[in-house]
Amino acid sequence: MFPPLAHLQFAIVASFCFGLVAVHLAQDLHAQVVVVHGTVIDRAQGHPLAAVQVSIHGEGTSTRTDARGRFELLAPSQTVRLRVESLGYLPWEEEVQVGADPLRIPLTADPLRLEGFVVRSPVTGTASLLQPSALLTRSDLAERMATSVAAMVAEEPGVHVRTNGPMATQPIIRGLSGDRVVVLEDGLRGGDVSTTAPDHAVTIEPSTVENVEVIRGPAGLAFGSNTLGGVVNVRRYEVPRSLVPDLEWGISTFGESVNRGGSLSGDLRGSTGTFAFQVGGGVRRAGDTRTPGGSFLPFTDVSALDGGAGLSLVRDGGFLGAAVRGYQSRYGVPSSYDGVTLPGSHVGGVYVEVDRISGRTQGEWQVPGDGPLESVSGGINAVRFEQWEFEEGGFVGTRFGQLSSSGELVLRFSGERHQGAVGASGFWHDRRAEGSFTGTRPARQHSLALFAVDQIQVGRSTKLVTGLRVDRQGVVPLERTETLLVRDIRPRRFTAVTGALGLQRSWGSAWDAGVQAARAFRAPTIEELFSAGPHLASYSYEIGDPSLEAEVGIGVDGVLRWQGDRGRAELSVFGMWIDDYITFAPQIDEATGLPMRDPRLRRYVVFAPEQGDARLLGVELSSLLMLSDRWGLATAADLLHARAADGSPLPEMPPPTLRAELRRLSEVGTFAVNLQARGPQRRVPAAPAAAEATCDPQVVNGEAAVLPSTYCPTSGTVLLGARLALDLESRGWGFPQGWGIPGGRLTVSVDNLLDTRWRDPLWRAKQVAPQPGRNLRIGMEVRP
Amino acid sequence: MIRRSGWLALLVIALTACEHPIAVVSPHIEAADLIVEDRAGGQALHTEFNRTWSPSALHLRDDEPVKLFLTALDFRGEPIDISDRPDLSFRMEAEDPAILQWEPLNGFGILRSFGVGETRIRFLIWHINHADFVTPWLDVVITPGDLP
């Protein structure tokens with residue numbers, strides 16, 4: 001039943017225990033020896049927890065749970081006091097009666113803990129120690145609740161967010177964005193068009209999320225190609241994986257003052273017989289966003305509705321289930337500020353409506369016996385997506401439609417010194433658009449990959465991680481009519497062999513270090529290959545280049561982690577060398593020497609993709625230091641230097657950032673004051689010689705005439721904030737016991753406390769409109 | 001029976017979901033200007049940066065249909081051949097459709113007047129269900145035709 005490695009661990013522990021027992025027997029021949037065994041799970045999410053320390057109080061015997069959360073210990077008597085400890089969870093200690101039935105020990109996430117969990121590789125199921133990563137739990141997300149997933153993860157080092165209004169946001173990791181950062185739902189692709197334009201939204205309602213994994217750097221082996229920048233894996237566990245003994249439910253609400261908005265979400269999980277089910281959903285509404293000084297940014301209101309349900313058959317050997325989910329939203333894209341039309345906006349404003357329906361099946365089979373094959377798991381996700389962009393007057397300027405599916409099959413193996421997996425993954429999507437302003441050519445994109453990963457234990461404290469992946473991708477235009485500027489439209493196919501090699505070493509229980517070199521690749525997108533149309537969100541007319549090559553990147557990461565009684569820290573240094581990095585650049589008309597105007601409307605400058613080598617170097621730091629038993633200081637900082645082969649700065653790179661929070665911790669909650677400091681963004685590409693505007697906006701006929709933000713520096717800023725998080729149950733403010741509601745968690749926070757006027761260096765309209773002003777946020781979660 | 005209907009409904013829903021919501025659409029025509037020629041009458045008008053017309057008016061005689069040849073130009077001033085694009089067609093809009101009507105034909109159209117007076121028209125290059133190109137308004141002067 002147990003894998004051989006666990007047997008080895010067990011044998012070592014057992015030998016040690018037997019030695020102790022033998023001594024004990026020599027002293028007391030009447031003593032009994034029994035085996036205590038069971039599973040440790042996350043109380044809120046129900047999934048098993050690996051590498052959890054389990055010890056028998058007062059006996060000096062301990063072990064760690066295996067990949068399935070299971071443990072076995074020799075106990076001196078039928079009644080023992082067990083202590084279970086894991087990073088990020090409250091310790092669990094109880095006296096238990098040892099019997100034939102296995103124990104089921106739920107651990108509760110520690111409300112005082114800080115971000116910085118090590119996430120687990122979805123491929124091997126083992127800790128992904130070689131890459132900088134973080135796991136944001138429901139508690140973390142409740143404290144960071146925002147209108148978008150990207151905004152919620154933006155406090156992580158190396159992670160930034162590109163906004164075009166509160167909904168149209170995309171995560172940027174290590175300066176890379178768009179298709180280079182993959183946003184997944186339960187490990188599978190979401191199937192929206194969020195990466196294709198800066199006014200498109202990630203179609204995930206944040207209030208319904210259980211946890212979020214953030215992996216920085218190339219992660220192609222585990223999550224698929226195109227992950228040069230990193231991965232944001234949003235988890236809801238839509239397909240239940242385990243039975244729960246009692247009904248579990250939760251309700252959370254959230255409100256904020258900056259847009260007079262709020263959300264309400266809830267979920268319910270339960271079991272009947274061998275079936276587990278879950279239902280959940282959320283609703284969100286918000287008005288226009290207030291900026292410092294009191295002016296509002298029109299067309300930033302939001303409404304969203306999200307709901308889903310899942311059902312699984314759960315047995316001892318695994319689960320098989322399905323889930324469906326529906327998502328609708330309507331949001332505005334900012335159009336003007338203080339009466340001035342923003343550069344890159346639609347005159348009169350735009351509303352975007354999104355409708356997404358998804359269905360997925362997932363399953364896992366844990367192979368019985370002691371063979372090397374440990375488990376087989378897989379999943380398929382199918383998504384139907386539609387998006388309407390309503391121009392002034394209510395007519396549809398552009399309508400997108402996409403059918404997509406993605407899937408994976410993973411076989412996990414383990415041996416005495418090995419833990420690994422082989423598998424296959426793929427995706428397919430058929431994207432089309434229609435309308436007066438669309439420039440997207442209908443096309444299909446597909447990918448199939450085979451991969452293998454192995455983690456080898458080398459000695460007691462060193463691990464070697466190797467991986468290999470072969471990708472085959474294709475982009476097939478469904479319509480090949482040539483346009484004036486885009487010729488030779490043809491199907492493109494890309495094949496790439498990528499891989500990773502890493503080494504991790506531990507020194508005692510406090511220090512870990514890892515170094516990894518990875519090769520990743522990204523095929524050009526449909527838009528980069530075939531576009532021909534106005535891109536009003538970026539104030540450009542973008543054309544594609546059907547002859548583009550794939551980007552290929554070599555990334556090297558070095559990670560040093562420390563964890564002690566007084567805190568933890570993670571320092572990562574990385575370098576990435578990307579061949580054929582794609583950027584969009586303005587085109588010059590050879591006939592006139594002036595910027596080329598679009599052939600249709602003669603209003604926008606034509607931008608075309610250009611390829612060149614790029615180099616990105618950076619440092620990221622996150623830490624928590626306990627200054628005393630009650631005071632803690634959390635910091636997160638990042639610094640990025642990105643340049644093209646000729647030494648010029650790459651466009652749209654984030655400035656250095658520092659976030660620091662001083663926390664007063666107690667049993668009932670946390671009070672904290674924080675600051676976010678962004679350095680000036682001075683390294684921007686030089687503007688074209690023939691540019692017709694400057695970085696200072698000039699208002700002409702009510703419209704801002706200004707140089708594209710790509711070429712304009714941004715000054716630094718410091719924002720102050722405060723936060724109070726209370727555990728109502730501990731505080732004694734819980735609900736009456738007769739209600740059966742044990743309590744909740746209340747979070748009150750203020751962002752931009754001083755109502756500072758600041759500019760987002762990554763927003764295309766930064767020269768004209770500032771970012772949101774002071775924001776009071778109140779969130780409450782009730783969860784047994 | 002109910003169970004069978006339920007499965008049938010699920011099957012219909014699944015098949016509907018698998019149908020792509022948007023048909024394959026050809027790209028927009030990238031026209032920048034338009035030439036309008038009345039070859040028989042010797043009139044030739046064209047838009048300038050698609051903002052104004054030169055000359056500024058089209059002169060017609062009542063009861064004398066005019067055959068107009070329309071040619072789209074790209075931003076470099078080169079003609080665009082749309083004869084092989086069945087998804088594209090020339091359309092005309094008149095402010096007073098009671099006195100002017102447009103009969104589209106292959107490569108040209110016939111403009112018919114039904115009264116004396118002045119109105120304004122504009123030409124569109126229609127692409128499936130929307131206009132890819134719309135000219136500015138053009139003044140049209142209709143004078144009395146030759147009486148028998």
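Analyst: The account below begins with the salt bridges and then turns to the contact between the chains. The model is a predicted one.

Over all chains, a search of the whole structure finds 47 salt bridges. One of them joins A:Arg522 to A:Glu551, with the closest N and O atoms 3.0 Å apart. A:Arg522 belongs to strand β31 (residues 511–522) of chain A and A:Glu551 to strand β34 (residues 551–564) of chain A, so this pair ties together parts that are 29 residues apart in sequence. Both partners, A:Arg522 and A:Glu551, are buried.

A second pair in chain A is A:Asp471 with A:Arg469, whose closest N and O atoms are 2.7 Å apart. Here too, A:Asp471 and A:Arg469 are both buried.

Because B:Arg120 lies in strand β10 (residues 117–127) of chain B and B:Glu95 in the loop between β7 (88–94) and β8 (100–105) of chain B, the pair ties together parts that are 25 residues apart in sequence. B:Arg120 has a relative accessible area of 30% and is therefore partly exposed. B:Glu95, at 45%, is likewise partly exposed.

Salt bridges also link residues into a network, made up of A:Arg174, A:Arg216, A:Asp557, A:Arg561, A:Glu570 and A:Glu620.

The contact between the chains comes next. In chain A, 32 residues are in contact with 28 residues of chain B. The area buried between chain A and chain B is about 2,500 Å², and carbon and sulfur atoms give 58% of that area. The count of salt bridges between chain A and chain B is 0, whereas 8 residue pairs across the two chains are in polar contact, with both residues at pLDDT 80 or more. On the side of chain A that touches chain B, at least two residues each come from β25 (373–390), β26 (396–414) and β27 (418–434) of chain A. By class, that side of chain A has 13 nonpolar, 7 polar and 12 charged residues.

Note on methods: Residues are numbered from 1 along each chain as its sequence is written. Chains are lettered from A and ligands numbered from 1 in the order in which they are written. This is a predicted model: local features need pLDDT of at least 70, side-chain atom pairs count only at pLDDT 80 or more; totals for chains, interfaces and linings use all residues. Side-chain values use heavy atoms; hydrogens and water are left out. Contact means heavy atoms within 4.5 Å. Buried area is the accessible area (1.4 Å probe) that two parts lose on being put together, summed over both. A salt bridge is a side-chain nitrogen of Lys or Arg within 4 Å of a carboxyl oxygen of Asp or Glu. A polar contact is a pair of N or O atoms within 3.5 Å; within protein, one must be able to donate a hydrogen and the other to accept it, and residues adjacent in sequence count only if both atoms are side-chain atoms. Helices (H or I, at least four residues) and strands (E, at least two) are DSSP runs, numbered from the N terminus. Ala, Val, Leu, Ile, Met, Phe, Trp, Tyr, Cys and Pro count as nonpolar, Asp, Glu, Lys and Arg as charged, and the others, Gly among them, as polar. Buried means under 20% relative accessible area, exposed over 50%, partly exposed in between (1.4 Å probe, protein chains only).
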